[in-house]
Amino acid sequence: MAWIAQRRRRSRFESVVLPHLDAAYALARWLTRNDADAADVVQEAMLRAFRYFDTYREGDAKSWILRIVRRTCYSWLERNRPADVVPLDDEKVLDEGIADTPIAAGNTEAILQNRSDLRRLDVLIEALPAPLREVIVLRELQELGYREIAEITGVPIGTVMSRLHRARSALRRAWEGKDIGDAM
Amino acid sequence: MQCDEVRPRLDAYIDGELAETERAEVHDHLEDCPECGPETVALQRLREGIRRSAPTYRAPEALRSQIRLALRREDAATTRTARPAPGWLAYAASLLLAVAVGSGGTLLITGERQEDVVANELIDSHLRSLLGSHLTDVASSDQHTVKPWFAGRSDVSPPAVDLAAEGFPLVGGRLDLIVGKPVPALVYRRREHVINVFVLPASRGDLGATVTRRGYTLRHWNEGDLGFWAVTDAAPSELADFERVFREATKG
């Protein structure tokens, strides 16, 4: 009976993918910066993942679902907040040395309007451009390795490394108070 | 290793991503170097700061159950479309007739009672309203906003009364397409639950006062030439209360 197979597939999805719901939600929450939007995006991503579950082969389910969640986040942001998904400029510069990333990029000035907040790392992370924010979240908060981060974000490991470096440098400059002026 | 070789590797070093030989070389350098050592400490301090101050986000319980529900619905939807045509067509036809003809006909085409068919379709619609972001088309607790909104959009004019004083605030109205027919729905809240009241032409048959289908509670009553179908995930007793206050308020 078709419905038995269907039910088996669904319970397999629930036992393989749903354990990573918290990680999925956390990534979406950091990328959308909003509870309700994160919930919408995660639900959409889970349904999408369920539809493509047949393409999932044994392996790292967490990376698999986070990749889908991330992609869903970006297309949601493109639809709803295009200013949030400006691509990183001068990505190349990173390979040659240290690039200066202003902590406030895109439309994130509003988040930084309160100067006293600038010492708070969670606020600083929220203000990072999305491609830098996600590597910090995946590395420091989800404690994933470079290879997994590369897989989730769809960029080479070298780019993961340079983005991490860039993100940390930006966070340190602002956090240690070296250039609060520049950050505004 | 010299400083200019060590610096680009510091991130990977503290992340434990260096190969063993490289790691050892960087480690040796850090022991002696008065600049790279503190730099590493600063990076580690940043990491600790991030872990300490960043909130840990967890998926709300409601999201978890919503997703399970959505998965089940997804399966149900594919089963239905995968089913061979005759049954489904008869089903759609009977429903369309039920909506269009209302009290008129005896429509036992599929052997299912017409009310059963309608009930199932309305529960689906209720679920759709909860899952998506499309709970209301017109969001207002003011009957003078909600009622006129339906004019020209649907054949029936639903009595939109706010029942906030009785514990059922009016949230707004929505137009749902049910087999291609626009059907008005009034949206009420009961604490964290939603009550959708679909308004169709009155039907002669009776579903019985309260039924529970697929975990949802449904009540049907006729008032004048209108038939009301209330669907909710709240308790059956609450829906009975709702019907009582709704009927009292709309009696005129």
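**View 1. Chain A, end to end.** From the N terminus on, chain A reads α-α-α-α-α-α-α-α-α-α, that is, 10 helices and 0 strands. Helices here are DSSP runs of H or I with at least four residues, strands are E runs of at least two, and both are numbered from the N terminus. This is a predicted model, where local features need pLDDT of at least 70, side-chain atom pairs count only at pLDDT 80 or more, and totals for chains, interfaces and linings use all residues. Residues are numbered from 1 along each chain as its sequence is written, while chains are lettered from A and ligands numbered from 1 in the order in which they are written. Take the chain A contacts with a separation of 6 or more: 62% of them join residues 24 or more positions apart. A contact puts two C-beta atoms, placed from the backbone, within 7 Å.

**View 2. The largest nonpolar core.** A nonpolar core is a set of buried Ala, Val, Leu, Ile, Met, Phe, Trp, Tyr and Cys residues joined through C-beta atoms within 7 Å. The largest one has 61 residues, and among those with the most contacts inside it are Tyr25(A), Leu27(A), Val42(A) and Leu171(A). Helix α2 of chain A (residues 21-32) gives the largest share, 9 residues. Look past the neighbours within four places in sequence, and Leu27(A) is in contact with Leu66(A), Val69(A), Arg70(A) and Val137(A).

**View 3. Where the chains meet.** Chain A brings 34 residues to the contact and chain B brings 29. On the chain A side, α1 (2-16), α2, α3 (35-51), α6, α7 and α9 each supply at least two residues. That side splits into 19 nonpolar, 4 polar and 11 charged residues; Ala, Val, Leu, Ile, Met, Phe, Trp, Tyr, Cys and Pro count as nonpolar, Asp, Glu, Lys and Arg as charged, and the others, Gly among them, as polar. The model scores ipTM 0.80 and pTM 0.57.

**View 4. Helix α4 of chain B.** The buried residues of α4(B) are Cys36(B), Thr40(B), Leu46(B), Gly49(B) and Ile50(B). They pack against α6 (121-127), α7 (130-141) and α9 (157-175) of chain A, together with α1 (3-6), α2 (10-14) and α3 (20-32) of chain B.

**View 5. Leu186(B) and its surroundings.** Leu186(B) sits in strand β3 of chain B (residues 181-190). It counts as buried because it has 26 C-beta neighbours inside 10 Å. Not counting residues up to four places away in sequence, Leu186(B) touches Pro158(B), Ala160(B), Leu170(B), Gly173(B), Val197(B) and Val199(B). Pro159(B), 27 residues away in sequence, is 8.7 Å from Leu186(B), C-alpha to C-alpha.

View 6. Strands β5 (residues 210-213) and β6 (residues 216-223) of chain B pair in the antiparallel sense over 4 bridges; pairing takes at least two DSSP bridges. Thr212(B) has Thr217(B) in β6(B) as its bridge partner. With 2 residues between the strands, the hairpin has Arg214(B) at a positive phi near 55 degrees.

**View 7. Confidence along chain B.** The mean pLDDT (the predictor's confidence in each residue, from 0 to 100) of chain B is 80, and 78% of its residues reach 70 or more. Confidence in chain B is lowest in helix α6(B) (residues 85-101), at a mean of 45, and highest in α2(B), at 94.

Methods. Buried ≥ 20, exposed ≤ 12 C-beta atoms within 10 Å, placed from the backbone.
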